[in-house]
Amino acid sequence: MSDSDNLAYQGLRPDQILACVERLGFHADGRLLALNSYENRVYQVGIEDQPPLIAKFYRPGRWSDAAILEEHAFALEMAAADIPLVGPLEIVGQTLHHIDAFRLAVYPRRGGRWPELDDEGLLQQIGRLVGRMHNVGETRPFRHRPALDSDSFGYASMESILDAEVLPDELFDAYQTLAEDLLERV
């Protein structure tokens with residue numbers, strides 16, 4: 001990740017988003033809607049005479065290209081196993097695209113709804129679905145995706161917060177003891 005890539009990502013403008021989608025061969029109609037995303041920048045982009053697409057711009061420095069491609073391959077494997085999810089579109093045989101300073105993928109737009117979590121039958125269906133997802137995931141190990149573990153996503157994060165001196169003095173000890181207690185249970 002270069003500083004210029006990071007600056008470009010921070011300053012990502014609507015005209016750049018539309019231009020990237022057009023360089024992938026789509027004819028944007030100018031409609032653009034920012035969608036919620038914790039890590040990346042995700043937009044619904046209107047396409048002339050077609051349904052909108054979802055364009056996902058990856059934050060520099062978070063995941064390597066190899067990790068993103070591994071995740072895309074996993075999504076496509078799950079879709080091939082009839083697991084209902086929306087995988088990235090393959091354009092000229094690629095799911096991850098590099099345009100100017102940006103890394104992006106495009107997806108078809110699919111609607112959804114929040115599940116009724118008090119419906120016992122639906123909870124069983126969700127449980128079976130998660131089991132099917134794990135079955136696909138167990139077919140081979142991930143090599144590039146960061147592991148979710150208490151050391152890197154727990155203790156290291158806690159230490160980072162404590163070292164950054166961002167907590168008010170009166171909350172420092174309370175945060176540290178609570179975080180340590182929670183991480184011990186994890």
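1. **Ground rules.** This is a predicted model, with residues numbered from 1 along each chain as its sequence is written; local features need pLDDT of at least 70, side-chain atom pairs count only at pLDDT 80 or more, and totals for chains, interfaces and linings use all residues. Side-chain values use heavy atoms, with hydrogens and water left out.

2. **The largest pocket.** Of its 22 lining residues, Glu39, Trp63, Glu71, Arg145 and Pro146 are the closest to the centre. A pocket here is an open set of points on a 1 Å grid over the protein atoms alone, where a 1.4 Å probe fits, with protein on both sides within 12 Å along at least five of seven lines; lining residues have an atom within 4 Å of a point. The volume is the space filled by probe spheres set on the points, which are joined across faces, edges and corners.

3. **Who lines the largest pocket.** Helix α3 (65-80) and strand β5 (102-108) each supply at least two lining residues, and α3 gives the most, with six. Helices (H or I, at least four residues) and strands (E, at least two) are DSSP runs numbered from the N terminus. By type, the lining has twelve nonpolar, three polar and seven charged residues. Nonpolar covers Ala, Val, Leu, Ile, Met, Phe, Trp, Tyr, Cys and Pro, charged covers Asp, Glu, Lys and Arg, and the others, Gly among them, are polar.

4. **The second largest pocket.** Do look at this one too: its volume is about 300 Å³. Its lining includes Pro84, Leu85 and Val86, the run from Pro108 through Arg109, Arg110 and Gly111 to Gly112, and Leu129. That lining splits into five nonpolar, two polar and two charged residues.

5. **Tyr43 and Phe57.** The structure holds three aromatic pairs (rings of Phe, Tyr and Trp, the last by its six-membered ring, with centres within 6.5 Å; planes under 30 degrees apart are stacked, over 60 edge-to-face, the rest tilted). Tyr43 and Phe57 make an edge-to-face pair, because their planes stand at 80°, with the ring centres 6.1 Å apart. The pair joins strand β2 (residues 41-47) to strand β3 (residues 50-57), across 14 residues of chain. Both Tyr43 and Phe57 are buried (under 20% relative accessible area; exposed is over 50%, partly exposed in between, with a 1.4 Å probe and protein chains only). Together with Phe102, Tyr43 and Phe57 form one aromatic cluster.

6. **Phe74 and Phe142.** Here the centres are 5.1 Å apart and the planes at 85°, so this pair is edge-to-face. Phe74 belongs to helix α3, while Phe142 is in the loop between α4 (120-137) and α5 (150-163), 68 residues apart. Phe74 counts as buried at 12% relative accessibility, whereas Phe142 is partly exposed at 27%.

7. **Charges over rings.** The charged end of Arg145 sits over the ring of Phe142, 3.6 Å from its centre. Arg41 does likewise with Tyr9, at 4.6 Å from the ring centre. The criterion is NZ of Lys or CZ of Arg within 6 Å of the ring centre and within 35 degrees of the ring normal.

8. **Two positive phi angles.** Most residues other than glycine have a negative phi. Asp49, not a glycine, has a positive phi of about 55°; Asp49 is in the loop between β2 and β3 and is exposed, at 83% relative accessible area. Glu165 has a positive phi near 55°, lies in the loop between α5 and α6 (169-185), and is exposed at 71%.
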